[in-house]
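Have a look at the structure first.

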Amino acid sequence: MNPSRPLSDSQGDAAHAFLDGVALTALRRDMLRFAQLQLRNRDAAEDVVQEALAAALAARDRFEQRATFKTWVFSILKNKIIDSLRDGWHTRRIEPLSAEDEHDFDGLFNAKERWQKQELPANWGDPERAAENQQFWAVFEICIQRMPDATARVFAMREFLGFEVAEICKEVGITSSNCWVILHRARMILRLCLQQRWFGEENSR
Amino acid sequence: MMSCKKATHLLSQQLDRPLDAAERVALRFHLMMCTGCTNFSKNMSFLRTVCARAGGKS
C-alpha cells in the first residue's frame with residue numbers, strides 16, 4: 001500500500017458524511033501520532049492508520065454514537081499496530097537488560113541513593129491540560145524516540161496497547177522482573193526528558 | 001528508611017504489579033518524608049494518564 005496515499009474520494013466522502021461535525025482531520029492526526037509513537041516510522045504509521053480507517057468505514061453501520069467512534073477506531077488501530085509489531089519481533093529480539101544499564105540514572109541520586117538537589121522531581125500539574133496542547137505531544141514524541149528500540153516496544157505494549165506484564169513476557173520471551181526493569185527504565189527516560197524539555201522550558205517561558 | 005532510588009523502582013512497579021504489604025508500608029512511610037518521591041509518584045500517574053489519552057481515551 002502506498003503509505004502516503006490519502007483516503008480516496010469515496011472513502012473521504014463517506015468518512016466526512018459519517019463523522020459529520022467531528023473533525024476527521026483531528027482524528028487522523030491523533031491516530032497517526034499514536035501509531036508513530038509505537039512503530040517509530042512515518043510510512044508504517046500511515047499504513048496502519050489507513051487500514052484502520054478503511055476497516056472502520058467498511059463496518060460503520062454498526063456505530064451510531066459518535067462518542068464511541070474514536071474509541072472504536074482506536075481499538076481497530078491497536079490491533080493493526082499489534083500485528084505490525086509482531087511481524088518485527090522475530091527479527092528484532094529483545095535482550096534482557098544488563099546490570100550496567102541500571103546505572104544510567106545514578107547521576108540523579110547521591111551516594112546515599114537520595115535525590116540530588118538539582119534533580120528533585122517537580123510537580124507537573126494536570127495531565128489533561130498538557131494533553132490539550134499539541135506542542136506537548138511533539139515533545140512527548142521526541143522523548144519516546146529517545147528510548148532504545150526494545151525498551152520503547154515493551155513500554156508501548158504496556159502503556160499504549162494495554163498488555164498485562166504476563167502477556168508481554170509471553171509475547172517477547174522475557175521474565176517478569178526483566179519486564180519491570182525495562183518499564184522502569186522507559187518511565188525514567190520519559191520522565192527526565194519531559195522534565196527537561198517541556199516542564200523546564202515551560203517554567204522559563 | 002528506604003532509599004529514593006528503591007522508592008522510584010516500587011513507584012514504577014506498582015503500575016505493573018500489586019506491591020506486597022511490606023513494600024506498601026515502607027513506600028507509604030518514605031513518601032510521607034520525601035517531597036521528591038511524592039512528586040515522582042505524581043509524575044508516574046501523569047505518564048499513565050497521557051499515554052491513555054494518546055490511545056484515544058478521552
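Counting a disulfide as a pair of cysteine sulfur atoms within 2.5 Å, you get 1 over all chains. It joins A:Cys143 to A:Cys193, S to S 2.0 Å, and it's left-handed, with -75° about the S-S bond. A:Cys143 sits in helix α6 (residues 134–145) of chain A and A:Cys193 in helix α9 (residues 176–204) of chain A, so the link ties together parts 50 residues apart in sequence. Helices here are DSSP runs (H or I, at least four residues), numbered from the N terminus.

A:Cys169 is in no disulfide: the nearest cysteine sulfur, in A:Cys179, is 4.7 Å away. As for B:Cys51, the closest cysteine sulfur is that of A:Cys143, and at 11 Å that's too far for a bond.

Buried means under 20% relative accessible area, with a 1.4 Å probe and protein chains only.

| Cysteine | Relative accessibility | Class |
|---|---|---|
| A:Cys143 | 0% | buried |
| A:Cys193 | 1% | buried |
| A:Cys169 | 11% | buried |
| B:Cys51 | 1% | buried |

Now for B:Asp16, which is in the loop between α1 (4–13) and α2 of chain B. B:Asp16 is buried too, at 9% relative accessible area. Its side chain makes a polar contact (N or O atoms within 3.5 Å, one able to donate a hydrogen and the other to accept it) of 2.8 Å with the side chain of A:Arg158.

A note on the ground rules: this is a predicted model, where local features need pLDDT of at least 70 and side-chain atom pairs count only at pLDDT 80 or more, while totals for chains, interfaces and linings use all residues. Residues are numbered from 1 along each chain as its sequence is written, chains are lettered from A and ligands numbered from 1 in the order written, and side-chain values use heavy atoms, leaving out hydrogens and water.

Terms used. Helix = DSSP H or I, 4+ residues; strand = E, 2+ residues; numbered from the N terminus. Buried < 20%, exposed > 50% of the residue type's maximum accessible area, 1.4 Å probe, protein only.
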